[in-house]
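Hi,

Here is the structure I promised to pass on. Have a look at it first, and then read my notes below.

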Number of protein chains: 2
Amino acid sequence: MLAEIITIGDELLIGQVIDTNSAYIGKQLNKIGVSVYQITSIQDDKTHILQAFKDAESRVDVIIITGGLGPTKDDITKKTIAEYFNDTLIRDDSVEKNIQDLWHKYVRQTLLQVNLDQALVPSKATVLMNTLGTAPGMWMERNNKVFVSLPGVPFEMEGLIDREVLPRVRDKFDCPYILHRTLLIFGLGESTLAARIEDWEDALPPEIKLAYLPSLGNMRLRLSSKGFDKSKVISEVQKQIDTLIPLIKEEFVGFEEDDASIEAIIGKQLTKIGKTVATAESCTGGKIAERFTANSGASAYFKGSVVSYATESKINILGVSKEAIDTDSVVSAKVAESMAKQVLELFDTDFAIATTGNAGPTKGDSDVEVGTVFIAIATKTGVYSEKFMLGDLRLKVINKGANKAFEMLLKEIFKN
Amino acid sequence: MLAEIITIGDELLIGQVIDTNSAYIGKQLNKIGVSVYQITSIQDDKTHILQAFKDAESRVDVIIITGGLGPTKDDITKKTIAEYFNDTLIRDDSVEKNIQDLWHKYVRQTLLQVNLDQALVPSKATVLMNTLGTAPGMWMERNNKVFVSLPGVPFEMEGLIDREVLPRVRDKFDCPYILHRTLLIFGLGESTLAARIEDWEDALPPEIKLAYLPSLGNMRLRLSSKGFDKSKVISEVQKQIDTLIPLIKEEFVGFEEDDASIEAIIGKQLTKIGKTVATAESCTGGKIAERFTANSGASAYFKGSVVSYATESKINILGVSKEAIDTDSVVSAKVAESMAKQVLELFDTDFAIATTGNAGPTKGDSDVEVGTVFIAIATKTGVYSEKFMLGDLRLKVINKGANKAFEMLLKEIFKN
C-alpha cells in the first residue's frame with residue numbers, strides 16, 4: 001500500500017510558503033499503515049498537473065492532492081482533475097448549503113458567485129464535506145487507484161484527512177500495522193552514537209529500519225517496522241530496544257510518544273508530579289514560553305514568563321542587581337542565575353528557566369562573543385547555570401538555546 | 001532555466017520532519033532567475049533515488065539534492081550519486097582538513113573513522129566546502145546538466161547555497177531577471193478581493209502572473225514576471241501596480257520587501273521613527289515576543305514582554321486590578337486594555353500590545369467561549385481593544401491572534 005502526496009501551488013516552488021501539509025498527511029497515513037512513497041510539489045499549471053497525476057498513478061495506489069481549490073482564477077486543480085477523469089463539473093447541493101451556512105455564520109462580506117461556484121464538483125467524485133471551509137474535498141477512483149483532492153488551507157485539510165480520508169482508505173485497502181519507536185538521547189553526537197551501537201545496528205533484522213534524527217542540540221533514534229501481525233511487530237521491535245538501551249544507559253532520556261516534542265514531555269511530567277515552571281528570557285525572546293504554551297493543558301504547569309529583552313527590564317522587573325550586571329556583564333552566569341531565582345519567586349513556581357546571551361548578528365549590551373548563551377535552572381533549593389557557544393546564526397542560537405534549556409530542565413525534573 | 005529540488009530522507013515522508021530546505025532553495029534560486037519546476041521528496045532508497053535523478057534530468061537543467069550525507073549507515077546519497085555518474089569515491093584532502101579543524105574547535109567527542117570518511121567524494125565532483133559542518137557539498141556535471149548534492153542540515157545547506165551554488169549557477173547559465181512584488185492587504189477576504197479587482201486581473205498581460213496568498217488573518221497578493229530586459233520587467237509590473245492600488249486603497253498596507261513578515265515590517269518602521277514596543281501576553285503565550293525577537297536588530301525597538309499566563313500574574317506582575325478580573329472576567333476588553341497600559345508603563349515604551357483569551361481546547365480561568373480573544377493596543381495617549389472569535393483550534397487561535405495583534409499595531413503606527 002503506497003501513497004503519493006502532490007502539493008500544488010507556485011508559492012511552494014518560489015519558497016514563499018513552506019509545505020507543512022505533506023508532513024501532516026505523511027504522519028497520519030503512516031499511522032494506518034500506508035507508506036508515502038513520494039511527495040511531489042508542482043506549479044499551478046495544467047499540463048504539469050496532468051503529468052504529475054499520470055506519473056503518480058503509475059507508482060502508487062493512493063494519490064492525495066492538496067491546494068489549488070480556492071475561489072480565484074489561479075486555482076485550477078478542480079478543472080484539471082475533471083479533465084484527467086474525462087468528467088464534467090456539476091453543482092452539489094449539500095456543498096452549496098455548507099458554503100451558505102459558513103458564510104452566514106462567520107463572514108461579514110457579501111457571498112459572491114465565485115464562492116457559490118466552489119460547490120461545483122466532478123460528477124464522478126464522492127464529496128468529502130469540509131465543515132471548516134468552503135472548498136470541498138473530493139474522492140475519485142479508477143482502476144482501483146484512488147485520487148483525493150483537498151484544500152490547501154492546513155486546518156481544513158487536516159480536518160478532512162482525519163474525518164473523511166483515513167477511514168475510507170482503511171476501509172478500501174488492507175493496511176499493515178506500522179510501528180515507529182523514537183528514543184530521545186542527550187549528550188551524544190551522531191557519529192559517536194553510531195560507533196557506540198555499531199554491532200547492535202549491524203545485527204538488526206532487515207525488517208527493522210533505523211534512522212538517526214539529529215536536531216539542534218537533541219538527538220533522536222527511530223526504529224521502524226511493519227507487518228500484518230501487529231503483536232509480532234511490537235515484540236520484535238521491543239526485543240531490539242531491550243538490547244539497545246544498556247548501550248546508551250547514561251544518555252537515554254525516554255521515548256517520544258507520537259513524536260512529542262521535548263517541551264510536551266516536560267509538560268506531561270510536570271502535570272504528573274503537580275509542579276510548575278516559569279521562564280525569564282533574554283536572548284530566547286519568548287521562544288521557550290511560546291513552545292510551552294503551544295501545548296494544550298499548559299496552564300496546569302506553565303505560569304508565565306518575563307521576556308526581559310532590554311537590560312533595564314532585568315533590573316526593574318526581575319530585580320537583578322545593577323551591580324551584578326556592571327561587574328559580571330549582562331551576559332554572565334551570575335545574571336542568568338539571578339534571573340532564574342527572581343522569576344521563580346515572582347511566579348511562585350517549583351522550577352524556573354532563565355536565558356541570557358547574544359544571538360547576534362552584532363554585539364548588544366555586552367562584550368561577549370556572538371553565540372554565547374548562559375542558561376540557568378532554579379528550583380526551591382538551588383540554582384545552577386551552564387555556558388554554551390551556539391554559533392553565529394541568530395535563529396540557530398535562539399532555537400538551540402531553547403532546546404538546551406528544555407534539556408537542562410528535563411534532567412533536573414528527572415533528578416527530583 | 002529550470003531546476004528541480006530533490007530532498008532525501010524517510011523522516012520527510014513519514015512526517016517526522018517538515019521540509020523547510022526546499023522553500024529556502026526555491027526562494028534563493030528564484031532571486032537569480034531560476035524557476036523551480038518541481039520539488040520531489042523521496043526515501044533513503046537507492047533504486048528510488050536513481051529513478052528520481054533520471055526523471056529530474058529529463059525535466060530540468062539543474063538538480064539540487066539535499067539530505068542523506070551524514071556519517072551514519074542510513075545515509076546513502078553520496079554512494080548513489082557516484083553510481084549514477086559511474087564514478088568512484090576518493091578522499092579529498094581539503095575536506096579532511098576541514099573536518100579535523102571543525103572537530104578540534106567545536107566537538108568534545110573523539111573523531112572517528114566514519115567522520116573522516118565524510119571526506120570521500122566522487123572523483124568527478126567539484127567539492128563545495130562546508131565551513132559549518134563535516135559533510136561537503138558536491139557539484140557534478142554531465143551533458144550540460146548540473147547535479148548539486150548538499151547536506152540536509154538547514155544552516156549548512158543555506159551557507160552552501162549562498163556562497164557556493166548561486167554564484168556557480170549564475171556563471172554557468174544565462175538567467176533571466178525574475179521579479180515578484182507582494183502587496184499586503186488587510187480586511188478583505190480572498191473572494192471579495194478577487195471580485196473587486198476582476199476587471200484589472202482579466203486585463204493583465206500574460207507574462208505577469210498573479211497569486212492570492214491568504215494566511216491566518218492576513219492577505220497577500222503577488223505579481224510575478226520575468227525577462228532578460230530587467231528595466232522592462234520592472235516598469236511593466238509597476239504599471240500594473242499603479243492601476244491596482246486605487247482599487248484597494250483602503251485595504252492596501254504596503255509592500256512586503258523580500259517576503260518580509262508583518263513583524264519585520266513593524267520593526268523596520270519602529271526603528272525608522274525611533275519608537276519602542278512591549279507586549280503583555282496571555283493566550284498568545286509569548287508568540288508575539290518570539291516573532292519580534294526572531295528579527296535581528298529587534299533590541300532597537302522591542303523592550304520585552306510579560307507572559308502573564310496564570311491569572312495571578314496579571315495582578316501581581318502587571319498590576320491589573322483584581323476587581324476588573326472579578327467583575328469583567330479575565331478574558332475581557334477591560335483586562336486586555338489594563339494589561340496593555342500597565343506593560344507600556346512597566347517597560348516605558350511608546351506602544352504596547354496585550355492579548356487575553358482562551359485558545360482552548362477547554363475553558364480556562366474564564367467562562368468565555370473557546371476562541372475568544374481580546375487584543376489591546378496602548379500608546380502614550382490612549383488604549384483601545386478589539387474582540388475576535390478565532391475558532392476552536394489551539395494553534396490557530398494563537399497564530400491568528402498574533403497576526404491580528406501585529407495588524408492592529410501596524411495600523412496604529414501608520415496613524416501616527
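**Confidence in chain A**

Among the elements of chain A, strand β12 (residues 252-256) of chain A has the lowest mean pLDDT, at 80, while strand β13 (residues 277-281) of chain A has the highest, at 98. Keep in mind that this is a predicted model. For chain A as a whole, the mean pLDDT is 91, and 97% of its residues reach 70 or more.

**How the two chains sit together**

Next, the pairing of the chains. Two copies of a chain are related by a rotation about an axis and a shift along it.

**Empty space inside**

Rolling a probe the size of a water molecule over the atoms shows where empty space is left. How many cavities of 30 Å³ or more does the structure hold? There are two.

The largest cavity has a volume of about 130 Å³. It is lined by 16 residues, and the closest to its centre are D19(A), S22(A), S41(A), D19(B) and S41(B). Both chains take part in this lining: α2 (21-31) and β2 (35-42) of chain A, along with α2 (21-31) and β2 (35-42) of chain B, each supply at least two residues. Sorted by class, the lining of the largest cavity has 10 nonpolar, four polar and two charged residues.

The second largest cavity holds about 30 Å³ of space. If you want to find it, look for I65(B), I81(B), F85(B), M138(B), M140(B), F147(B), V148(B) and S149(B), which line it. Which elements of chain B each supply at least two residues of that lining? They are β7 (137-142) and β8 (145-150) of chain B, and β8(B) gives the largest share, three residues. By class, the lining of the second largest cavity divides into seven nonpolar residues, one polar and no charged.

**A hairpin in chain A**

Now go to strand β16 (residues 372-379) of chain A and strand β17 (residues 382-389) of chain A. These strands run antiparallel, and eight bridges join them. Together, β16(A) and β17(A) form a hairpin, with two residues between them. To get your bearings in the pair, find A378(A), which stands opposite V383(A) in β17(A).

**Some backbone details**

Just a few spots left to check. Is the peptide bond from G360(A) to P361(A) cis or trans? It is cis, with omega near 5 degrees. You can find P361(A) in the loop between β15 (351-357) and β16 of chain A. In chain B, the peptide bond from G360(B) to P361(B) is cis as well, with omega near 5 degrees, and P361(B) is placed in the loop between β15 (351-357) and β16 (372-379) of chain B.

Finally, take a look at N144(A). Its phi is near 65 degrees, a positive value in a residue other than glycine. N144(A) lies in the loop between β7 (137-142) and β8 (145-150) of chain A.

Happy browsing!

Conventions
Residues are numbered from 1 along each chain as its sequence is written. Chains are lettered from A and ligands numbered from 1 in the order in which they are written. This is a predicted model: local features need pLDDT of at least 70, side-chain atom pairs count only at pLDDT 80 or more; totals for chains, interfaces and linings use all residues. Side-chain values use heavy atoms; hydrogens and water are left out. On a 1 Å grid over the protein atoms alone, a cavity is a set of points where a 1.4 Å probe fits but cannot get out, and a pocket is an open set with protein on both sides within 12 Å along at least five of seven lines; lining residues have an atom within 4 Å of a point. Grid points are joined across faces, edges and corners, and a volume is the space filled by probe spheres set on the points. Helices (H or I, at least four residues) and strands (E, at least two) are DSSP runs, numbered from the N terminus. Ala, Val, Leu, Ile, Met, Phe, Trp, Tyr, Cys and Pro count as nonpolar, Asp, Glu, Lys and Arg as charged, and the others, Gly among them, as polar. pLDDT is the predictor's confidence in each residue, from 0 to 100. Two strands pair if DSSP finds at least two bridges between them.
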